[in-house]
Amino acid sequence: MLNFTKFERINPEKRDVLQRLKDYGEVYQVFGKSRAKEQADRCMQCGDPYCHTGCPLGNFIPAWLKQTATKNPDLAFALSNETSPFPEILGRICPQDVLCEGACSLNTGHGAISIGAIETHISETAFAKGMKPKFTDKKVNKKIAIIGSGPTGISAATFLLRKGYGVEMFERSDRAGGLLMYGIPGFKLDKSAVDRRINWLQEAGMKLHLDCEIGKDIAASQLEEEFDAIYLGIGATAGRFAGIDGEKASNVHLAMDLLTGIQKRNLGKDVEYIDVKDKNVVVIGGGDTAMDCVRTSVREKAKSVKCLYRRDEANMPGSKKEVVNAKEEGVEYVFNVSPKSIAVENGKATGVELLTTSMSEPDESGRQKVVINDGSEYIEEADVVIMALGFSPEKPSFLKDLNVDTNAWGGVETNKYQTSNAKVYAGGDCQRGAHLAVTAAVDGREAAKTIIEALS
């Protein structure tokens, strides 16, 4: 397994930029068999695989790379699905460059193994052959209610169903998937992949309740009475404003309002959405959600799209490949600027007043602090301003009905995923704060294990 000296790292092919800007189809193409084998064969099979420890799920990466390289795709599929609830989805959306691939021993020299692309290939190739994830036929006479159908809810359902537990999932929206359905654009994740996983959970026995809001359509007390345990996977969906003058203007919007409205329209729903066509769009923020907003805006035929970020490019928190893709698609970046206020005329934003910034020496956390430069104000004109500044928990009223404690920032307090109500568990963004789909998946898996242990 020393073929990293023969073959260079290859990324999946991307659709031509002029073609991909015409629609919301996925940008990256799935590896073919020969390419996947070649790239998997570059793995050194390290004795202490950093890719494994760099993966929040602890995926058996070297093992399924070896099986792919030695043409044993069925075993690769089984190993890939053993630890992950939806590897073909995480292979597409995980920031591998800062997780498994970033930890790869070859990363600093020959180029990391294309782990994410191979992960997607393994599952999609198996699905094309008619293979599916396996669930037990044995049933346990215990029922768990899962509130929320996002990454952590899907993960918890998957691992509970594998052990034969009864699962009912409650989702307030019209479609299941949460962030995967409405928060991540189709050019990164085709929604058929999400629907496919939900359908398999239903085939395994899960009951799905859509358009069902806890505390409104069904009482939390009813769930507490009817189920043996409840898992909260309600995410952190409340967007954040910057706390500056003018941000309540009618054309200043939160990121998820832009993304959700357009995704619903793309799925054929007759909904109002934020129209950015022929407009100068400014997105404030530097994470993956900001990248989703700028890349969505160019597809919506905005006149211009600019991303404003308070640090430099090297310190952007999002995936590097998303920045590259956005640049290819015509997005302009303005680094080292911080919003001071929104310029408003007749109730509408006309621009963002900015202050330039500098970077100080790294603090104890290792990250540089932002220093505002005095007397550096200038205006960046805008017809639409999008705030992509992270998310906070919503703190729905039913938490109080369930006697579930929350902390100062609104997150659900837990001890090994168990809340102050011994019957209620929580994980994902509502418990740890807004983070990644893969860490939400970890929480769902580990919470399922905790629930199973408690109910055994």
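1. Val282 and its sheet partner. In this predicted model, Val282 has Val385 of strand E14 as its bridge partner.

2. E7 and E14 are members of an open sheet of five strands, ordered E6-E14-E7-E8-E9 and paired in parallel. Strand E6 (252–254) and strand E9 (332–335) form the edges, each pairing on one side only. From one strand to the next the twist averages 25°.

3. Helices on this sheet. Helix H13 (residues 255–266) packs on the sheet and touches E6 and E14. The direction of H13 makes about 75° with that of E6. Helix H14 (residues 288–299) also packs on the sheet, where its contacts are E7, strand E8 (304–309), E9 and E14. Between the directions of H14 and E8 the angle is about 170°.

4. Three bridges link strand E2 (residues 166–170) to E3 in the parallel sense. Phe170 has His209 of E3 as its bridge partner.

5. Nonpolar cores. The largest nonpolar core contains 68 residues, and Ile146 and Leu160 have the most contacts inside it. Helix H18 (residues 437–455) gives the most to this core, contributing nine residues. Beyond its neighbours within four places in sequence, Leu160 is in contact with Ile144, Ile146, Tyr165, Val167, Ala448, Ile451 and Ile452. A separate core of 28 residues lies apart from this one, and includes Val27, Phe187, Leu258 and Met291.

6. Helix H4. Seven of the nine residues of helix H4 (residues 61–69) are buried, leaving the helix mostly covered. The buried residues are Ile61, Pro62, Trp64, Leu65, Gln67, Thr68 and Ala69. They pack against helix H2 (33–40), helix H3 (50–54), helix H5 (73–83), helix H7 (100–103) and helix H8 (115–128). Just after H4, Lys71 takes a positive phi of about 60°.

7. Two further positive phi values. Which residue in the loop between H13 and E7 deserves a look? Asp278 is found there, with a positive phi of about 60° although it is not a glycine. Asp278 counts as exposed because its relative accessibility is 55%, and the cut-off for exposed is over 50%. Lys395 is found in the loop between strand E15 (391–392) and helix H16 (398–401). Phi of Lys395 is near 60°, a positive value in a residue other than glycine. With 49% relative accessibility, Lys395 counts as partly exposed.

Notes: Residues numbered from 1 in each chain as written. Predicted model: local features only at pLDDT ≥ 70, side-chain atom pairs only at ≥ 80, totals over all residues. Heavy atoms only, no water. Pairing = 2+ DSSP bridges. Helix = DSSP H or I, 4+ residues; strand = E, 2+ residues; numbered from the N terminus. Axes fitted to C-alpha atoms, helices over the stretch in contact; angles between N-to-C directions. Contact = heavy atoms within 4.5 Å. Buried < 20%, exposed > 50% of the residue type's maximum accessible area, 1.4 Å probe, protein only. Core = buried A, V, L, I, M, F, W, Y, C linked by side-chain atoms within 4.5 Å.
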